[in-house]
Protein chains: 2
Amino acid sequence: MIFRKRTHTNGELRIENSGEKIVLNGWVNSHRNMGGLMFIDVRDRYGITQAVILPDVSPELAEKAKEIRSEFVVWIAGTVRERENPNKNIPTGLIEVLVEDFEIINRSEVPPFEISTDTQANEELRLTYRYLDMRRPELQKKFIMRNQLYQITHQYFAQNNFLEFETPILTKSTPEGARDYLVPSRVHKGNFYALPQSPQLYKQILMMSGFDRYMQIVKCFRDEDLRADRQPEFTQIDVEMSFIEQDDILTLAENFTAKAWKEILGYEVATPFKRMTFHECMTRYGSDKPDLRYGLELTEITEIVKNSGFTVFSNALAKKDGTVALLNAKGCADFSRKQLDELTEYAKKYGAGGLAWMKFTDGAVNSPIAKFLTEDEIASIKSASNAVDGDLLLIAVDEWERCFTILGALRTEVARRTSILESVKGTFSFHWVVEFPLLEYSEEENRYIARHHPFTAPMADDVHLLDSAPEKARAQTHDLVINGYEAAGGSIRIHQNSVQQRMFDLIGLTKEEAEQKFGFLLTALKFGAPPHGGIAFGLDRLAMLLAGTDNIREVIAFPKTTSALSLMDGCPSEVVDEQLRNLGIALRAVEK
Amino acid sequence: MIFRKRTHTNGELRIENSGEKIVLNGWVNSHRNMGGLMFIDVRDRYGITQAVILPDVSPELAEKAKEIRSEFVVWIAGTVRERENPNKNIPTGLIEVLVEDFEIINRSEVPPFEISTDTQANEELRLTYRYLDMRRPELQKKFIMRNQLYQITHQYFAQNNFLEFETPILTKSTPEGARDYLVPSRVHKGNFYALPQSPQLYKQILMMSGFDRYMQIVKCFRDEDLRADRQPEFTQIDVEMSFIEQDDILTLAENFTAKAWKEILGYEVATPFKRMTFHECMTRYGSDKPDLRYGLELTEITEIVKNSGFTVFSNALAKKDGTVALLNAKGCADFSRKQLDELTEYAKKYGAGGLAWMKFTDGAVNSPIAKFLTEDEIASIKSASNAVDGDLLLIAVDEWERCFTILGALRTEVARRTSILESVKGTFSFHWVVEFPLLEYSEEENRYIARHHPFTAPMADDVHLLDSAPEKARAQTHDLVINGYEAAGGSIRIHQNSVQQRMFDLIGLTKEEAEQKFGFLLTALKFGAPPHGGIAFGLDRLAMLLAGTDNIREVIAFPKTTSALSLMDGCPSEVVDEQLRNLGIALRAVEK
């Protein structure tokens, strides 16, 4: 078989090319034998072009064409001519190619599912045959869009004087939060590298090296139990800057985001983005990453019910940070008992002991807890939550953060169950959440842990709290939230050795542990570290949002399943014992 | 301390800025107290600016400035003015900043070595304090150059319609050649991921997915014993194309290389590059990656001495592929006996049994083997090698490939020992080596192994040899050699299932092994794979060549030593047993 190389792609020919001798390469998308005419649609990533064979004129070609099946790879040589029946749905629809010669370059078995936009195949089958799945125009578009995102990123940061750097993948294991993936060292048996959860310390070291604007598109790794939108390896647009203030980072990130949305979707994003504190976010929306495309705000009613005779309220309020708050589910007074039970079950997943509700219909209140409340209390609750006839109030009672988290989860669930979420499809909301708490107390580990990471600087106003009330100290953090997803996150970092030591202290690291894990950072901080901070975008998340999907695997070429399997190549897999022996490790007997 | 953000960088101010009020941020590069004047040179990645304090005018500032030491981080506010004593060596040398206020942002201990271009510190110390090493202008320039290389790469491939893709880092272990780094799976205990030695199969799968032009700047991993110019993790510019011929890849790579050399160094590279077959390369230069900046070609003299009475020759020639060849070390007849002994020792490292030599001086021959040769033989050798008075011939006798490899090594060594290598410094030579053997026989493994990798297509003319004489079959490979370094390598790949199966056969994989390791590739090849091929550039090597260094660690931000250690952060390191238990592995007792 002689291979004839294409002169044009399958998305390229127009009426102006009529009369030209051309060669196409591609996959047989479909083929139809109409007796007097044989049609072959040839496909590549650029489009589809119709080729036609005239059996009367070319009986040998027609005979050979009978072998052709879908997904065969062919070259076709011929002359471009105007079509009798134009197809206005595709850019090449005005022309066809009259075939003068062709060959089958490669054959295909019948694919296990149809290569089409609306394939019915399940995801497992599609992931196993990822190369067939990716031939679908729908996925092709997503990866062409992801490519645009890469190019916009390269350009934007280069234009803003950032230097691209690569940080290592074989790094030191310093788990603080998520689990590390480990890599045994063959040369230094008994020692391990870790795959980086982020290049955090390396980018800080680059700041200390005098490179004041760093960026990298980089793989990060977390050995966590996966959720639908998480992957064991994921990609960050990682950014760090020196000699700046938090506002500089936010502005840079806003302009980048606006550029991406504009160039990829033609969507105009207004900047600057709204900025809310963590505290405001929690009390208004019950989440540190609320979807602000819709309202459904929360209302705290602790003050209203603080003297209530209702023991569920009074008992909870007697405890530390006891809070009563509610979500006004506008117009949901017609929710059935079953729906309310489902919402209660949903709330329990987030730690709720139960869920109180209150309906307003025909000027009357309908609620299992009405009998425990005074008329004044009910009137105040109604007024505080701007409730009107037809509304449903969902009331949670718990410690402050959990109370709002429960209501925030219900807020999302109510949006899903009503037409609200559907009605905002295709729109975008961008906002910052700032001033997260620096620390949170882990009951499990019986110590403070860093809410962001232990290299985050406290707010200047709150440094004095590190000694008196560390849990009250706020951090100089910033999370970018788009449609309820954390699209980026970062902070101003600690650049003083003494503050970093204090921070390690606070999270319960002994001097020795701090030295063993982070000694190189503490040393580096002794030699003139500049003030610095940064941000990291979740590139997969951005791609997912831009593509309008909520399945992150649709925008990753070779994704893993939620149990961290690659179905196409079948990894992870067993290895031969010689490999393990070389590495100085052995499998451990399963512990019961 | 109030932080005042810079209005300008330290490389930016010119005489035109005189009279402006500005703020600078940076490191104290040096400071001099001249009594009536105090000078502080402030440094950042953009340059150095001189600041001056007048103790008479600002006694408080002068007092505070006494605290200043090298590498302190400062902000300085003041007014730009013309210098009395201009420094013509730096772009900011015409001005200085009269300090009106300043603060020490951060302090520095005395650095363990001097932050200057010509630091005398050894590499180990510099790698331990990498952040100080990287503040040196020399290293800053290298990383700014490396950044240029990234940007040129992004632009070039985007302009040529390539799509950027990310392939996984957690992949399947299929060792064929170098050892894999393994990553134990926690979720699937007893199973392992491998870090990719290259994204070879993924990029081929992308071709089968219909994306006809792929590129990625990607980390690859090889757990090999390191040589000076190798790293356990290294970076490739990875490229693959469908519906092309080998020439298309070569042209693309030539234009990319020429663009990089032109834009970064202003160096004009003539294209197309010279193309030589592996066979020609070996017989003329004794290497598959010869440095062609200089001549020193080899001469085969097997025919001349084939009937020689010299038993060393005749015995060797009686064996399979026995070959006698020589290097004419022009003008080296004055090499001493000691130097010749050293060259003999050097040749032995490459497997030589010994080394014969022959000097021509004053019309006479001087050689320990002259007495075993006829006058005719000596005259023919002299004539074949174009030897004249003053030349030294180094003669090797061995099996064909080893004979030439020994001479190729000597060729490089002679260039190093004479003025030849020094004389070509700063120049570049670019050429292709094509038509490598498809297979080579491994005595150790007692089987054929793929010389490039087992996905490489044989040359169309040689497919018939796969059955009759596989060791003679040539492959459709291409290596780009720059100054004796393999800067890029690639091939046309097998796109037919049957040929791929045959190839696995030839390298001794059973059907079961082939299925277990590469089953997904064999399956993918059944569904219409397009003809395709590609190339991968060693990005670190390109950066090294562009930077004019032969130490690859100088162009990698956080390199590992030759024993795969990171001296800065001290990885690999021990981990706690809980981490290993979570992963289902244990350390193996050391085997004696």
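**From one lysine to the interface**

Lys359(A) is buried, with a relative accessible area of 11%, where buried means under 20% relative accessible area, exposed means over 50%, and partly exposed covers what lies in between (1.4 Å probe, protein chains only). The model is a predicted one, in which local features need pLDDT of at least 70 and side-chain atom pairs count only at pLDDT 80 or more, while totals for chains, interfaces and linings use all residues. Residues are numbered from 1 along each chain as its sequence is written, chains are lettered from A and ligands numbered from 1 in the order in which they are written, and side-chain values use heavy atoms, with hydrogens and water left out.

The lysine belongs to strand β14 (residues 356-361) of chain A; helices (H or I, at least four residues) and strands (E, at least two) are DSSP runs, numbered from the N terminus. Leaving aside neighbours within four places in sequence, Lys359(A) is in contact with residues including Ala333(A), Phe335(A), Leu340(A), Asp391(A) and Leu392(A), contact meaning heavy atoms within 4.5 Å. The side chain of Lys359(A) reaches the backbone oxygen of Ala333(A) at 3.3 Å. Between Lys359(A) and Asp334(A), which are 25 residues apart along the chain, the C-alpha atoms are separated by 8.4 Å.

Another part of chain A to follow is strand β22 (residues 532-538), which is largely enclosed by the rest of the structure because 6 of its 7 residues are buried. Strand β10 (residues 233-242) of chain A pairs with β22(A) in the antiparallel sense over 7 bridges, and strand β21 (residues 485-492) of chain A pairs with β22(A), also antiparallel, over 5 bridges; two strands are said to pair if DSSP finds at least two bridges between them. Ala536(A) in β22(A) stands opposite Asp238(A), and Ala536(A) stands opposite Gly489(A) as well.

Tyr441(A) stands opposite Tyr448(A) in β19(A), and among the 4 residues between the strands, Asn446(A) takes a positive phi near 60 degrees.

That backbone angle leads to a few others. Most residues other than glycine have a negative phi, and most peptide bonds are trans. Asn161(A), although not a glycine, has a positive phi of about 70 degrees; Asn161(A) lies in the loop between α4 and β6 (163-164) of chain A and, at 38% relative accessibility, counts as partly exposed. In chain B, Phe243(B) has a positive phi of about 55 degrees in the loop between β10 (233-242) and α6, and Phe243(B) is buried, with a relative accessible area of 2%. The peptide bond from Cys571(A) to Pro572(A) is cis, with omega near 0 degrees, and Pro572(A) sits in the loop between α17 (539-547) and α18 (577-583) of chain A. A cis peptide bond also joins Thr271(B) and Pro272(B), with omega about -10 degrees, and Pro272(B) lies in the loop between α6 (246-265) and β11 (274-277) of chain B.

How many residues of each chain take part in the contact between chains A and B? The contact involves 123 residues of chain A and 123 residues of chain B. The two chains bury about 11,300 Å² between them, 58% of it on carbon and sulfur atoms, buried area being the accessible area (1.4 Å probe) that two parts lose on being put together, summed over both. In chain A, Glu166(A), Phe243(A) and Phe527(A) lose the most area to chain B, together 8% of what that side buries.

Across this interface the rule finds 16 salt bridges, each a side-chain nitrogen of Lys or Arg within 4 Å of a carboxyl oxygen of Asp or Glu; one of them joins the side chains of Arg186(B) and Asp225(A) (3.2 Å, N to O). The largest share of the side of chain A that touches chain B, 9 residues, comes from helix α4 (residues 137-159) of chain A. The chains also meet through strands, as β23 (residues 585-587) of chain A and β23 (residues 585-587) of chain B pair in the antiparallel sense over 3 bridges, with Ala586(B) in β23(B) as the bridge partner of Ala586(A).

How values were computed. Polar contact = N/O pair within 3.5 Å; in protein donor to acceptor, adjacent residues only side chain to side chain.
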